[in-house]
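This report describes a protein model through its surface, its fold, its charged pairs and a few local backbone features. The sequence and the structure come next.

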Amino acid sequence: MRLTVGQALVRFLAAQWSERDGREQRFFPGCFGIFGHGNVAGIGQALLEYGEEMPYYMARNEQAMVHTASGFARMSDRLSALACTTSIGPGATNMVTGAALATINRLPVLLLPGDVFATRPANPVLQELEDGRSHDVSVNDCFKPVSKYWDRINRPEQLPSALMAAMRVLTDPAETGAVTLALPQDVQAEAYDWPEELFARRVWRIPRPLPEARDLDDACALLQAAERPLIVAGGGVIYSGATDALHAFAERTGIPVAETQAGKGSLSWDHPSAVGAIGATGSTAANALARDADVVVGIGTRYSDFTTASHSLFQNPGVRFVNINVARADAFKLGGATIVADAREAITALDAALAGWTAPDAHRENARDLTARWNAVVDGAYALDHGDPPAQSRIIGIVNEESGPRDVVVCAAGSMPGDLHRLWRTRDPKGYHVEYGYSCMGYEIAGGLGVKMADPSREVFVMVGDGSYLMMAQELTTAVAEGIKLVVVLVQNHGYASIGNLSETVGADRFGTRHRVRTGTGLDGAPIPVDLAANAASLGADVLRATGADEFRAALRKAAASPRTTVVHVETDPLAPAPGSDAWWDVPVAETSRRGATRDARARYDDAKKAQRRYL
């Protein structure tokens, strides 16, 4: 079959399917793109010609469309993905941040940036990076460290092997992340005689690796001797569809279950074994249990510094770890017994192997008491009468109370991810979507778009601060154009409140974190007279303004009932009190300073650093 490289690429992508547990789905249900001279005549023409096979979505920002693809992949449990195409130059490099986010979060996205001419007929062409070391270097080489697979297609004959390698990585739960295929613009438009089998329907089976018997024996021996065990549920529990298995295992054994950011929703918040979020943004209940735990069972977690409180959380001198993960690199973190296997299969096998064993009654009772006390703290935060403007915790509480059990909250950066991790009460495994692997400002609206595309049956509540909104709000226009309804809660606190809080703890006095007018010596004047609600309206969204908690609740109900994308704008007080986690995060403080606040912060830092451990 004679097709261009661009046409062959689109036809191939349209024929790829994934399968797990007997359920098949298209792996690429669509392609986002922004066109320029580097891809319009190749991939752009192919998407036009074969639009019935590969739907095209117009994005407004290249980084944002990769975030949308990441949100879609996460909501799809990594069983489906979106492709993203750009021109060469700034269009391509704008995707690098999105690629890093996808790879760090282990989410499959396919990036198809245009590239300079392979044949070099008129070097240098527009947007070409002239590297004196090699004419083979282009800006697309920037994708190499943030991609799990990278290739450049300099000849049509190279395309089939590159596509197969790309699919191998994208469908491997242990290796997945961003995949980049750089496509020189002349090669995209070049015709070639392709074998028919390249475009045949191909089904990629998503594996469920089984645990090794001896690894299970090691894990069972540790747990059977445990007096204060704790489970740390990570994103792998949700991606593998292991939430029912974990529910049954925790209910039978009584082991308390704490959740990472990606794992939040592994249990419903009111499950008898649920003790809430863990780590630097965790609940006091989970963190108290973690400090005392003698055996920690990590399931599908990569043990980020927020989860381990920078290796200061697990303080029992004899603490041992059982790590269950499909990725060997994550399973071997912190030492201990390792089970390299699918989370669902491993939990099921472990439950069977531990038949008759339960956690000690005293430990279970202690976990319930700690959790009850924490739930009372959350109740207080939700009902906090701070006056106007309200506290952020009050706004979160209203959204939680007004949303349905299957609805999804989306967030990524600022102070809200920490507050949401601690305070949000999840009722569904897919009800909580906070990107905290890269914590990328600007992810929220774009990511929420991907979430809604993956499951239109759910209401999606995007919570975004003014600082993050200013980074990237353009995909509101995409949501309006596509008729994809979002409810966006735009929290205005006139600055980077999260970093402002951190700045105070390191003795930097909120320097550079307030959105203020310059007065001559610094940015300490009146708030900048921006109107983000008007900006959202200019992008095509409906906008509701709310002052105070009661107005906000009424506006939120109206937005939820609307069929259109609606932004609810509300001011909050960045200095309002919020519950803490009683855990530490390692952010170094200047070792010497003329400022007393900095010296005091360094003394506190040195003292906290003493609790940091190496788990070997």
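## Surface and basis of the values

Accessible areas come from the Shrake-Rupley method with a 1.4 Å probe, and for residues only the protein chains shown count as cover. On that basis the protein chain exposes about 23,800 Å², of which carbon and sulfur atoms supply 52%. Of its 616 residues, 58% count as buried, where buried means under 20% relative accessible area, exposed over 50%, and partly exposed in between (1.4 Å probe, protein chains only).

The model is predicted, so local features need pLDDT of at least 70 and side-chain atom pairs count only at pLDDT 80 or more, whereas totals for chains, interfaces and linings use all residues. Residues are numbered from 1 along each chain as its sequence is written, and side-chain values use heavy atoms, with hydrogens and water left out.

## Overall fold

The protein chain contains 23 helices and 23 strands; helices (H or I, at least four residues) and strands (E, at least two) are DSSP runs, numbered from the N terminus. Its radius of gyration is 25 Å, which agrees with the value near 25 Å that a compact globule of 616 residues would have. The radius is taken over C-alpha atoms, and the globule rule is 2.2 Å times the number of residues to the power 0.38. Along the principal axes, the C-alpha trace spans about 70 × 70 × 55 Å.

Among contacts with a separation of 6 or more, 76% are between residues 24 or more positions apart, a contact being heavy atoms within 4.5 Å.

## Charges and salt bridges

The chain carries 60 positive and 72 negative charges, whose mean positions are 2 Å apart. In this count Lys and Arg are positive and Asp and Glu negative, while His and the chain ends are not counted; the place of a charge is taken as NZ of Lys, CZ of Arg, CG of Asp or CD of Glu. A search of the whole structure finds 36 salt bridges, each defined as a side-chain nitrogen of Lys or Arg within 4 Å of a carboxyl oxygen of Asp or Glu.

One of them joins the side chains of Arg208 and Asp21 (2.8 Å, N to O). Arg208 lies in the loop between strand S11 (202–205) and helix H8 (213–224), and Asp21 in the loop between strand S2 (16–20) and strand S3 (23–26), so the pair ties together parts that are 187 residues apart in sequence. Arg208 is buried, with a relative accessible area of 15%, and both partners belong to a salt-bridge network that links Asp21, Arg208, Asp342, Arg344 and Glu345. Another salt bridge is formed by the side chains of Asp77 and Lys430 (2.6 Å, N to O). Because Asp77 is in the loop between helix H3 (62–75) and strand S6 (83–86) and Lys430 in the loop between helix H16 (416–423) and strand S19 (432–434), this pair ties together parts that are 353 residues apart in sequence. Asp77 and Lys430 are both buried.

## Buried residues and a covered helix

Met54, in the loop between helix H2 (40–49) and strand S5 (56–58), counts as buried at 1% relative accessibility. Beyond residues up to four places away in sequence, Met54 touches Val10, Leu13, Ala14, Arg26, Phe28, Gly30, Cys31 and Leu47. Ser70, found in helix H3, is buried with a relative accessible area of 0%; leaving aside neighbours within four places in sequence, Ser70 is in contact with Leu101, Ala102, Leu107, Val109 and Tyr443.

Helix H15 (residues 392–402) is mostly covered, since nine of its eleven residues are buried, among them Arg394, Ile395 and Ile396. The cover over the buried residues of H15 includes helix H14 (361–382), helix H22 (549–561) and strand S23 (566–571).

## Backbone features

A cis peptide bond runs from Asn123 to Pro124, with omega near -5°, and Pro124 is placed in the loop between strand S7 (109–115) and strand S8 (149–152). The bond that joins Asp388 and Pro389 is also cis, with omega about -5°, and Pro389 lies in the loop between H14 and H15.

Arg106, a residue other than glycine, has a positive phi near 60° and is partly exposed, with a relative accessible area of 24%. His311 has a positive phi of about 65° although it is not a glycine; His311 lies in the loop between strand S15 (295–299) and strand S16 (320–325) and is partly exposed at 28% relative accessible area.
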